[in-house]
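These are my notebook entries on a single chain, written down in the order in which I looked things up.

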Amino acid sequence: MKKLFIGLSVFLILFLSGCGTPDISDKKYVGDGESLKQLKKACKLNDGFVCSRLGLLYMNGEGVKKNESKAKRYYSKACSLNDKTGCYMLGVFYEYGYGGLEHNHSKAKEYYKKACDLNVSKGCESYEKFR
């Protein structure tokens with residue numbers, strides 16, 4: 001089940017991010033530690049797209065030690081910066097209790113709604129199931 005979630009999450013993130021966007025989960029972007037520092041710096045400077053991608057890296061343990069709690073923090077910051085993937089993934093985290101979170105359907109619904117408002121069709125579908 002967890003492998004299915006991770007696989008679907010990776011597909012969704014790549015789908016939402018568009019074809020012309022470099023895939024920073026590729027080792028060439030995070031393999032040397034310096035790239036990871038640069039990504040973290042960009043996130044601190046409020047680049048929501050990068051924050052969301054850092055969430056993906058920590059969620060899957062790609063180039064970093066897997067840490068769902070850190071993934072949740074990066075997705076949270078990304079969502080606060082109106083990154084659609086960050087909002088959708090927060091909904092997933094709350095719905096299924098990832099990252100040390102309790103299952104919280106009202107929070108999941110809130111984040112799915114925000115993702116829907118940011119034009120994520122899967123966010124709209126997920127929001128509808130909680131109505």
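Entry 1: I began with Tyr75, which is buried, its relative accessible area being 0%; I use buried for under 20% relative accessible area, exposed for over 50% and partly exposed for what lies in between, with a 1.4 Å probe and protein chains only. Before going on I noted that this is a predicted model, in which local features need pLDDT of at least 70 and side-chain atom pairs count only at pLDDT 80 or more, while totals for chains, interfaces and linings use all residues. I also noted that residues are numbered from 1 along each chain as its sequence is written, and that side-chain values use heavy atoms, with hydrogens and water left out.

Phe93 is likewise buried, with a relative accessible area of 0%. Tyr75 and Phe93 form an edge-to-face aromatic pair, with 5.6 Å from centre to centre and 75 degrees between the planes. For such pairs I take rings of Phe, Tyr and Trp (its six-membered ring) whose centres lie within 6.5 Å, and call planes under 30 degrees apart stacked, over 60 edge-to-face and the rest tilted. Tyr75 sits in helix α5 and Phe93 in helix α6 (residues 84-96), 18 residues apart, so that the pair links distant parts of the chain. Helices here are DSSP runs of H or I with at least four residues, and strands are runs of E with at least two, numbered from the N terminus.

Entry 2: How many aromatic pairs does the structure hold? I find seven of them. In one, the rings of Tyr58 and Tyr74 have centres 5.7 Å apart and planes at 15 degrees, so I list the pair as stacked. Because Tyr58 lies in helix α4 (residues 48-60) and Tyr74 in helix α5, this pair ties together parts that are 16 residues apart in sequence. Tyr58 counts as buried at 5% relative accessibility, and Tyr74 counts as buried at 17%.

**Entry 3: helix α5.** I next checked the length of α5 (residues 68-80), whose 13 residues should span 18 Å at 1.5 Å a residue, and the end C-alpha atoms are 18 Å apart, which agrees; the expected span is 1.5 Å times one less than the number of residues. Its buried residues are Glu68, Ala71, Lys72, Tyr74, Tyr75, Ala78 and Cys79. They cover an arc of only 165 degrees around the axis, which puts them on the same side of α5; the arc is that of the directions from the helix axis to the C-beta atoms. At the start of α5, a side-chain oxygen of Asn67 comes to within 3.1 Å of the backbone nitrogen of Ser69.

**Entry 4: helix α7.** With its 13 residues, α7 (residues 105-117) reaches 18 Å from first C-alpha to last, close to the 18 Å expected at 1.5 Å a residue. Ala108, Tyr111, Tyr112, Ala115 and Cys116 are buried in α7. Seen down the axis, these buried residues fall within an arc of 145 degrees, so they line one face of the helix. They pack against α5, α6 and α8 (121-128), where contact means heavy atoms within 4.5 Å. I also looked at Glu110 in α7, which is partly exposed with a relative accessible area of 43%; Glu110 and Phe130 are 20 residues apart in sequence and 9.7 Å apart in space, C-alpha to C-alpha.

**Entry 5: positive phi.** Most residues other than glycine have a negative phi, and I therefore wrote down the exceptions I came across. Asn46 has a positive phi of about 70 degrees although it is not a glycine; Asn46 lies in the loop between α3 (34-44) and α4 and is partly exposed, with a relative accessible area of 47%. Asn82 has a positive phi of about 65 degrees; Asn82 is placed in the loop between α5 and α6 and is partly exposed at 46%. Just after α7, Asn119 takes a positive phi of about 70 degrees.

**Entry 6: the whole chain.** Buried residues make up 44% of the 131 residues. Of the contacts between residues at least 6 apart in sequence, 50% join residues at least 24 apart.

Key:
Polar contact = N/O pair within 3.5 Å; in protein donor to acceptor, adjacent residues only side chain to side chain.
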